[in-house]
Amino acid sequence: MLLDIRNKFRMLAVVVLLAGGTMPVAHADDDDDERMPVATNALWQAECGSCHLAYPPRLLPAESWQELMTGLDKHFGSDASLDAPSAREIGAFLDKNAGRNRHSKPGKPVLRITETRWFVHEHDEVSADVWKNPKVKSAANCAACHTGAETGNYSERSIKIPR
Ligand code: HEC
Ligand code: HEC
């Protein structure tokens with residue numbers, strides 16, 4: 001009788017194990033955008049990737065890109081001016097691939113990815129010491145920690161915090 005029950009438990013355990021083994025493992029912190037294909041454009045890559053890496057368009061809403069593209073001569077203390085046809089092509093590319101679910105507050109759109117609520121929230125576990133590390137320099141220096149940033153890969157698996 002007792003042996004019987006024990007065998008039943010063992011059977012149950014095996015069934016549970018098998019079921020668990022074939023079930024897809026859910027990721028706890030899936031950012032919907034992470035599964036979107038990475039948008040690229042050769043002119044954008046060349047022009048907007050020359051001083052820093054070319055920031056993925058999906059990380060800012062369209063109104064932010066529009067505002068940024070109208071002030072390229074005074075771009076965070078740099079002159080990033082473009083000729084009109086290039087500005088038009090890059091502007092259209094950014095617009096088309098801008099983040100749809102990144103809402104900006106009414107008023108002046110945020111120009112820095114690093115100042116969006118989304119970014120601050122996603123990085124709130126990064127300690128002050130890490131941000132101050134000279135190997136990081138600026139939060140805008142995504143590639144300091146995201147080893148796949150150059151190809152638009154920001155997945156958690158490719159994060160390596162410099163020491
Ligand atoms: C002449 C150099 C230069 C060029 C060209 C340039 N940028 Fe920048 N960009 C900068 C500098 C400098 C910063 C400030 C970086 C920092 O704070 O660490 C910056 C910052 C940014 C930021 C904010 C990053 C953040 O979240 O803090 C965005 C977005 C950006 N650039 C987009 C663009 C786009 C789009 C283009 C192409 C149209 C472009 N940049 C071309 C120099 C340049
Ligand atoms: C100092 C290191 C560091 C820098 C610099 C940095 N990040 Fe991160 N990033 C992290 C860490 C750590 C996480 C959180 C991983 C977690 O616990 O979910 C993260 C998370 C993310 C995520 C979400 C990943 C996911 O799959 O959930 C994105 C997207 C991202 N960062 C983009 C950027 C962008 C864009 C920049 C530059 C503008 C940047 N990060 C700069 C360290 C950094």
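**A charged pair and its surroundings**

Mentor: Happy to! Let's start with Glu67, which counts as partly exposed, with a relative accessibility of 28%. Keep in mind as we go that this is a predicted model. The side chain of Glu67 meets that of Lys108 in a salt bridge, 2.7 Å from N to O. Glu67 belongs to helix 3 (residues 62-70), while Lys108 sits in the loop between helix 4 (84-97) and helix 5, so this pair ties together parts that are 41 residues apart in sequence. Lys108 itself is exposed, at 67% relative accessibility.

The count of salt bridges comes to 2. Lys74 and Asp73 also form one through their side chains, at 3.5 Å from N to O. Here Lys74 is exposed, with a relative accessible area of 70%, and Asp73 is partly exposed at 42%.

Now for the ligand. Ligand 2 is surrounded by 20 residues, and the closest are Leu59, His123, Cys142, Cys145 and His146. Two or more residues of this shell come from each of helix 5 (117-122) and helix 6 (128-132), with helix 5 giving the largest share, 3 residues. By type, the shell holds 12 nonpolar, 4 polar and 4 charged residues.

Note on methods
Residues are numbered from 1 along each chain as its sequence is written. Chains are lettered from A and ligands numbered from 1 in the order in which they are written. This is a predicted model: local features need pLDDT of at least 70, side-chain atom pairs count only at pLDDT 80 or more; totals for chains, interfaces and linings use all residues. Side-chain values use heavy atoms; hydrogens and water are left out. A residue is near a molecule or strand if one of its heavy atoms lies within 4 Å of it. Helices (H or I, at least four residues) and strands (E, at least two) are DSSP runs, numbered from the N terminus. Ala, Val, Leu, Ile, Met, Phe, Trp, Tyr, Cys and Pro count as nonpolar, Asp, Glu, Lys and Arg as charged, and the others, Gly among them, as polar. A salt bridge is a side-chain nitrogen of Lys or Arg within 4 Å of a carboxyl oxygen of Asp or Glu. Buried means under 20% relative accessible area, exposed over 50%, partly exposed in between (1.4 Å probe, protein chains only).
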